[in-house]
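This briefing is meant for a reader who is meeting the structure for the first time. Please look over the sequence and the model before reading the notes that follow.

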Amino acid sequence: MRYFRKLLVIVILIVIAAVGINQVIQRTAAKQINWREPSESKAYPDLTQHPNAWLDVNTSKQRVYIKDGNRVLYTMYCSTGTGKENGTPHGTFYIQAERGKFFYNQSSGEGAKYWVSWKDHGVYLFHSVPTDKNGNYIKSEAEELGKTAASHGCVRLSVADAKWVYTNVPYGMKVVIH
């Protein structure tokens, strides 16, 4: 009976250790978001094959899902507005005509690359992680991508994802933010 108890204690300790190691690995993996690269290792979807595709922005998960109906085609890390005065508006919107390769906002001291407007014609945007006035990425801000709300209301994306959106997402595409 004593042998059985010792064996049981050892098994329980091994299980507890394994669960703890697994949690550490998951936390470490979650912190390893490369803000320069595409969010997924697979290819971006070909939107010509998905004419009804739309963008689903989940502010609680800090993710943008490219969807065709309810089917997720691609998932992007994002950082949305921090709330109150800097909240990201919720609702249904559509990609607007305004887009560009770079902007800088003197009052916030931040700019971004590859921007695409989705509300108020240049006020609310999809864009890259922030840059300084010279176009250099602000690493401390970029490292928040996909982890926490960090913007002034826009939807920040990795550099590669923002460039893809800028190049491929058409005028009029539906954007749902919740």
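Predicted model: local features only at pLDDT ≥ 70, side-chain atom pairs only at ≥ 80, totals over all residues.

**Hairpins, pocket and core**

In the hairpin formed by strand 2 and strand 3, two residues lie between the strands, and Gly-69 there takes a positive phi near 65°.

**Paired strands**

- Strand 2 (residues 63–68) and strand 3 (residues 71–79) pair in the antiparallel sense over six bridges, and among these pairings Asp-68 has Arg-71 in strand 3 as its bridge partner.
- Strand 1 (residues 53–58) also runs antiparallel to strand 2, joined to it by six bridges, with Leu-55 standing opposite Ile-66 of strand 2.
- The hairpin of strand 1 and strand 2 has four residues between the strands, and in it Gln-62 takes a positive phi near 55°.
- Strand 2 is mostly covered, since five of its six residues are buried.

**The largest pocket**

- The largest pocket holds about 260 Å³ of space, and of the 16 residues that line it, Phe-103, Asn-105, His-127, His-152 and Cys-154 are the closest to its centre.
- Strand 5 (99–105), strand 6 (110–119) and strand 7 (124–128) are the elements that each give two or more residues to this lining, and strand 7 gives the most, with three residues.
- By residue type, the lining of the largest pocket divides into six nonpolar, eight polar and two charged residues.

**Helix 3**

- In helix 3 (residues 159–168), the buried residues are Val-159, Asp-161, Ala-162, Trp-164, Val-165 and Tyr-166.
- The cover over these buried residues of helix 3 includes strand 2, strand 3, strand 5, strand 6, strand 7 and strand 8 (155–157).

**The largest nonpolar core**

- In soluble globular proteins, nonpolar side chains tend to be buried together.
- The largest nonpolar core has 34 residues, of which Leu-55, Val-64, Ile-95, Trp-118, Phe-126, Leu-157 and Val-175 touch the most other members.
- Two or more residues of this core come from each of strand 1, strand 2, strand 3, strand 6, strand 7, strand 8, helix 3 and strand 9 (174–177), and helix 3 supplies the largest share, five residues.
- When neighbours within four places in sequence are left aside, Phe-126 is in contact with residues including Leu-55, Val-64, Ile-95, Trp-118, Leu-157 and Val-175, and Val-165, a buried residue of helix 3, is also among the contacts of Phe-126.

Notes. Residues numbered from 1 in each chain as written. Heavy atoms only, no water. Buried < 20%, exposed > 50% of the residue type's maximum accessible area, 1.4 Å probe, protein only. Pairing = 2+ DSSP bridges. 1 Å grid on protein atoms, 1.4 Å probe; cavity = no way out; pocket = protein on both sides within 12 Å on 5 of 7 lines; lining within 4 Å. Points joined across faces, edges and corners; volume = space filled by probe spheres on them. Nonpolar A, V, L, I, M, F, W, Y, C, P; charged D, E, K, R; others polar. Contact = heavy atoms within 4.5 Å. Core = buried A, V, L, I, M, F, W, Y, C linked by side-chain atoms within 4.5 Å.
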